[in-house]
Structure formats: structure tokens, C-alpha cells
Amino acid sequence: MDSYASKPVRTGRVEPDSPFQSMTRPVYLDNNATTPVDPRVVEAMLPYLRDEFGNASSASHAYGWAADEAVELARERIAQLIHCAPNALVFTSGATEGINFAIKGIAAARHTSGKHIAITATEHRAVLDTCRRMRKDGFEVSTIPVENDGLVRPETVAAALRDDTILVAVIWANNETGVLQSIAEISGMVRDRGIALLSDATQAIGKIPVRADLADLVVGSAHKMYGPKGTGILYINPDMKGPKPMPLIEGGGQEHGLRGGTLNTPGIAGMGMAAEIAMSEMSRDADRLQRLRDELERVILSGCKDAAVNGNREHRLPQTTNIRFPGAPAADLLSELRDVALSAGSACSSGSGKPSHVLKAMGLSDTQAASSIRIGLGRFTTEQDVNFAAERIVQAVRDVRERQSVLQR
Ligand code: PLP
């Protein structure tokens, strides 16, 4: 089946004179919020929504066996993608659950040896909010600062470690800037001390090579890699020093007692297929999207005076950019850009109206952070989409700045 011939979402220009105008969708450049489901993934899921509806835990008949087979195939495919043993993976409902499981589970398992957790300043809200809960429960959570380019220095991580530290969280790829932390450099210094290293690789898995065994706990989510929403994984390194996380959800004994509840067979089969596709297409996608992203940046930066990329431009995801436009508030830009789907930051915070904590941690002022937009390309983004978006963004920045200067006169 040719996925490129049958794009899962219609993207395109709003043609003012078109009789189909009301049916035209904006060009989708918000792939860090969620990716469209690859049609091959949909095909892989359908049997488990139809005839193969069995419960993967039903060991006494063919319906259950078929579901279980699908789950185990998916587990193998995902394990292959992130270089780990299949039985080190626990299926979850997504990255937020995986993060809750990892942090609360380690806290429950290790609270007698320490109550200190250290997290980088640019973690996803799922980590921040879980840690807020941990503070209320008597844990001390310290924030590891990042440099102005969004990278955390391994020495800064080392300086945050204490004798009572039980967990360190370092995000693999940032969802707003795409900045990639050097997990390989940080790994040994944390793990050798018996401190659990959690890495949220939600934005990295399926887009760049990820070696899960560099960390103790790694989180991923199907809907960021062209799979369905509501399915994810927590990798638990079998070689981690110290007690493993206690289960967050109990009941039914599924996943070796680590995560109760009937397995979401269609979602898991979909995530497995998404991993299989990523294995063969990830590197080609990354090359193509990096070229498109770089061209998009070139046109935007040359067309918009004083615009600048937020974050390290070398160590980042190939398909992400985050650009600030002094004098053009992001909220105004987004309402001007009705024909391009973008965001000012993470989807979870997009309604909050607060400047991004990620950009502020990188030293941006409130005003700079509130004048920044995130652009996330994806497998189904075309050159035409990018050319159209670049033109529209440059025009929108000019229009918004013009309006701002009239208001200030
Ligand atoms: N972590 C990161 C880096 C993310 O980008 C997201 C999604 O926005 C999450 C965690 C939460 O993922 P999920 O939607 O699977 O709970």
C-alpha cells in the first residue's frame, strides 16, 4: 500500500475562490503535538477492532491467542526500534502514564533510601506536574538548569546529585525546541551511583535512533510516531541498580503484574507497526525533513528581521524548529495564520496563556517567549506545504508587526 499516495490528512492552501474552501484544511505543521496516523498503521489495527477482538489475557481460546500474538509482535518491533529486550517493555496508555509510573513507582520503591529527585528545567509538563505531586508527598525536587541553547551540561547534572537522590529525569528530545540532550554522557554518572535515570523519549522515538539501555527508564508514546493515541511504553532496564518502580495501576496481573488492565490490542498493534515502519523509514524521513526544515528556517529568517531560532541548532530533532519574532506576539501570529496549523509551545500548555517554561529556562524573557512559535514537520509534510507555510509565516509576521507598530504610535 502506498502511504504517500493516500495522505491521511488533507493539507493545503485555503483557496479564496474555491467552492471547496470550507473543506480545505490548514497545512499541518504541528507534528510535535501529535502525528497523523500512518495509513499502514490503521490497516494493522483494523483486524483487532473487527474479527480479532479477543482479550490478550484469554489463554484458553484462539481469540485470546491471536490478540496475545499481536501484542508480542508489537513488543518485539518496538524493542528492536529502541534496542532493548522485548520483556523490558511495559505497555501503557501513553507517555504521561509512563512518566507517572516511573516517578511515582521509583519514589514508592526507594523512599527509604532517599527523598530527593532532580529534573531538568525543560521537562514536559507531565514530569513537572508529577513532581509537584511528589513535593506534596514529602519529596524534595530540585531543578537542573539548562544553558541558553537548551542543553544541559553533564557537569550541571553531576552537581545536582546528592546522597539521597533516588531519581534524575533528563528529557531525550524537547517537545518545544527539539533540543537533544546528551543522554550517553549523562548516563554513567547518574546510573553508576545507583540513581535511577528516567528519560522522556516521547519526541525522539521513531524520529532519531534511541538506545533505551542508556537510561534506566524510558518513556514513549505511539501518537508521536504516526501511531494511535492512547498507547505508549515504559522501558524498565533489567540491569538497573536498586529497586525497580512499583506498579502504578494494579489489577488483573497483566504485563507481569506491572500494569493492570486489559491490553489495548488495536493500539498496541498500531504502535508495533509504527515502530516497524520507523525502522525502515526513519533515516530517510529525517534526511528529507531536515532539508525541508532548514529551507523553511532560511526563508523565514531571511524574510523576518531579527527573527531567531530558539535552542541549539545542531543538537536537535531534524523536523522541529522554534523561532522567535520580536514585535510579533505568538497569539496574534497564530490567529493570523488560519491556514497553517502551528502552536506556540506544547499542546498541553497551549490554552494556558503562560509563556513557555522551556523557553524561559533558556533565558528568554516573558515577551520573547510569548513571541515564539514551534513548527513540527512530519512524514506527510510536502515541499509544497513548507513553501506555502514559509510564505504565509513571513507575511503574517509583517502584518502583525505592522499592526503592533500602529497600536504603539
Ligand atoms: N512527553 C513529551 C516530551 C511529549 O511531547 C508529550 C506529548 O505531548 C508527552 C510527554 C505526553 O504524551 P502522551 O500524550 O502520550 O501522554
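**Ligand surroundings, sheets and helix packing**

User: What does Thr 202 do at the ligand in this model?
Analyst: A polar side-chain atom of Thr 202 is placed 3.5 Å from a nitrogen atom of the ligand. Please note that this is a predicted model.

User: Which residues surround the ligand?
Analyst: The surrounding residues are Gly 94, Ala 95, Thr 96, His 124, Ile 171, Asn 175, Asp 200, Thr 202, Gln 203, Ser 221, His 223 and Lys 224.

User: And where does Ser 221 sit relative to the ligand?
Analyst: Ser 221 has a polar side-chain atom 2.6 Å from an oxygen atom of the ligand. For His 124, an N or O atom of the side chain lies 3.2 Å from a ligand oxygen atom.

User: Turning to the sheets, what is the strand order in the sheet of seven strands?
Analyst: The order is β2-β8-β7-β6-β5-β3-β4; the sheet is open and its pairing is mixed. Its edge strands, β2 (89-92) and β4 (140-144), each pair on one side only. On average, neighbouring strands are turned by 20 degrees against each other, direction ignored.

User: Do β3 and β4 run parallel or antiparallel?
Analyst: They run parallel, and five bridges join β3 (residues 116-120) to β4. Within this pairing, Ala 118 has Ser 142 of β4 as its bridge partner.

User: Which strands does helix α4 touch?
Analyst: Helix α4 (residues 125-136) packs on the sheet and touches β3, β4 and β5 (165-169). The direction of α4 makes about 160 degrees with that of β3. Helix α6 (residues 183-191) also packs on this sheet, touching β5 and β6 (196-200), and its direction makes about 155 degrees with that of β6.

User: What about the sheet of three strands?
Analyst: That open sheet has the order β9-β10-β12, with antiparallel pairing. The edges are β9 (308-309) and β12 (372-376), each pairing on one side only. Two bridges join β9 to β10 (residues 320-324), and Val 309 stands opposite Ile 323 in β10.

User: Which helix lies across those strands?
Analyst: Helix α7 (residues 265-303) lies across β9, β10 and β12, at about 10 degrees to β10.

User: How does α2 pass α7: left-handed or right-handed?
Analyst: The crossing is left-handed. The axes of α2 (residues 62-81) and α7 come within 8 Å and cross at roughly 35 degrees.

User: Which residues make that contact?
Analyst: From α2, they include Ala 67, Ala 70, Val 71 and Ala 74; from α7, they include Ile 268, Ala 269, Met 271 and Met 282. By class, the α2 and α7 contact has 14 nonpolar, three polar and two charged residues.

Technical notes
Residues are numbered from 1 along each chain as its sequence is written. This is a predicted model: local features need pLDDT of at least 70, side-chain atom pairs count only at pLDDT 80 or more; totals for chains, interfaces and linings use all residues. Side-chain values use heavy atoms; hydrogens and water are left out. Two strands pair if DSSP finds at least two bridges between them. Helices (H or I, at least four residues) and strands (E, at least two) are DSSP runs, numbered from the N terminus. Contact means heavy atoms within 4.5 Å. Axes are lines fitted to C-alpha atoms, for helices over the stretch in contact, and angles run from 0 to 180 degrees between N-to-C directions. A crossing is left-handed if the near helix is turned anticlockwise from the far one by less than a right angle, and right-handed if clockwise. Ala, Val, Leu, Ile, Met, Phe, Trp, Tyr, Cys and Pro count as nonpolar, Asp, Glu, Lys and Arg as charged, and the others, Gly among them, as polar. A residue is near a molecule or strand if one of its heavy atoms lies within 4 Å of it. A polar contact is a pair of N or O atoms within 3.5 Å; within protein, one must be able to donate a hydrogen and the other to accept it, and residues adjacent in sequence count only if both atoms are side-chain atoms.
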